[in-house]
Amino acid sequence: MDFKELVHSRRSTRGFADKAIPKAVIQEIIEDAKRAPSSMNSQPWHVHVLTGAPLDEVRRRNMEEMVAGKPSKRDIFTHGPYEGAHRERQVGVAKQLFAAMGIARDDKAMRQDWVLRGFRQFDAPVSLVLTYDRVLDPGATCHFDLGALCYGIVLAAWNRGIGAVVNGQGIARSDIVREVASIPEDEAIMTCVALGYPDESFAANAVRSERVPAEAFVRYVGFGED
C-alpha cells in the first residue's frame, strides 16, 4: 500500500465526528487545566493549539516521514521498545482494538493504517502541542508538572463531551511540529493531545483498556491489620 492509499484509507478509521470545536471551549478547557499543580508553582508549561491547515500540514509531513522509514526526531529522551510486562500490556490493548475493529491478524494494510493513525493525530480537528521551558532540563520534575497539566486537559475535555487522546506519535517529528507551529527553540516539545467530539459509531471508541488489580502495584504501610 503506497502513501496515497494510506491517506485515503484513513476515512475508515477516523474515530472523531466531523465537527469543529469552538475556540471558546478550548479556552475553557485550558483555564480549568492550568490549575494543575507544579513544583514550587513554577508552571513550566506552554500550549500550542493547532487546527485547520497547520495541523493538516503537520500530520501529512509526519506521516510521510514515517511511511518513508525515517527515524523519529523528538526533543525528549525515550526509552525505546517496551519489554516484559509493559510490552504485554501494549500488545493486550492492541488486540482489544483490532478485535473491535475487525482487523485480522494477516490484514497488513489495515494494521499499518491503524498504526499510522497516531502519526496523523487520529484525524482529530484540534491538537494541543505541550511544551516546557527547556532551561529546566535535565530533570524529571518539569516533565511531571507537564503530565499534570496534560491530564487536567484530558479531564476538562471529557467533562465537556470532547474526546482526548494523549499522543506521543503526533510529535514524533518534533522538528516538523516546531517549524509549522513556530514554536521557539527555548521550549522542548513533549507530547500532544488530540481533541475532537467522539464518533459513537466507531467501534474502537467503546474499548476500555484493561487495568491490573490495585494489589499488584499498591502497598499500604503502617495501617496495621484490617
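Modeller: Before we start on this predicted model, a residue counts here as buried when its relative accessible area is under 20%.

Biologist: OK, so how many residues of S4 are buried?

Modeller: Nine of the 10 residues of S4 are buried, so this strand is largely enclosed by the rest of the structure.

Biologist: And in what order do the strands of the sheet run?

Modeller: The sheet is open and has four strands in the order S1-S2-S4-S3, with antiparallel pairing. Strand S1 (45–51) and strand S3 (163–167) each have a single partner strand and stand at the edges, so one side of each lacks a neighbour in the sheet. On average, neighbouring strands are turned by 25° against each other, direction ignored.

Biologist: What packs on the sheet?

Modeller: Helix H6, residues 141–158, does so, touching S1, S2, S3 and strand S4 (187–196), and its direction makes about 155° with that of S2.

Biologist: How many bridges join S1 to S2?

Modeller: Seven bridges join S1 to strand S2, which covers residues 126–133, and in that pairing His46 has Thr131 of S2 as its bridge partner.

Biologist: Then which residue of S4 is the bridge partner of Ser127?

Modeller: That is Ala194, within an antiparallel pairing of S2 and S4 over eight bridges. Ala194 of S4 is also the bridge partner of Val165, and S3 and S4 pair antiparallel over five bridges.

Biologist: Changing topic, where does pLDDT stay under 50?

Modeller: Over residues 6–12, for which the model has 16 contacts beyond four places in sequence. Where pLDDT is low, the predicted coordinates should not be read in detail. For the protein, the mean pLDDT is 88, and 93% of the residues reach 70 or more.

Notes
Residues numbered from 1 in each chain as written. Predicted model: local features only at pLDDT ≥ 70, side-chain atom pairs only at ≥ 80, totals over all residues. Heavy atoms only, no water. Pairing = 2+ DSSP bridges. Helix = DSSP H or I, 4+ residues; strand = E, 2+ residues; numbered from the N terminus. Axes fitted to C-alpha atoms, helices over the stretch in contact; angles between N-to-C directions. Contact = heavy atoms within 4.5 Å. pLDDT = per-residue confidence, 0-100. Buried < 20%, exposed > 50% of the residue type's maximum accessible area, 1.4 Å probe, protein only.
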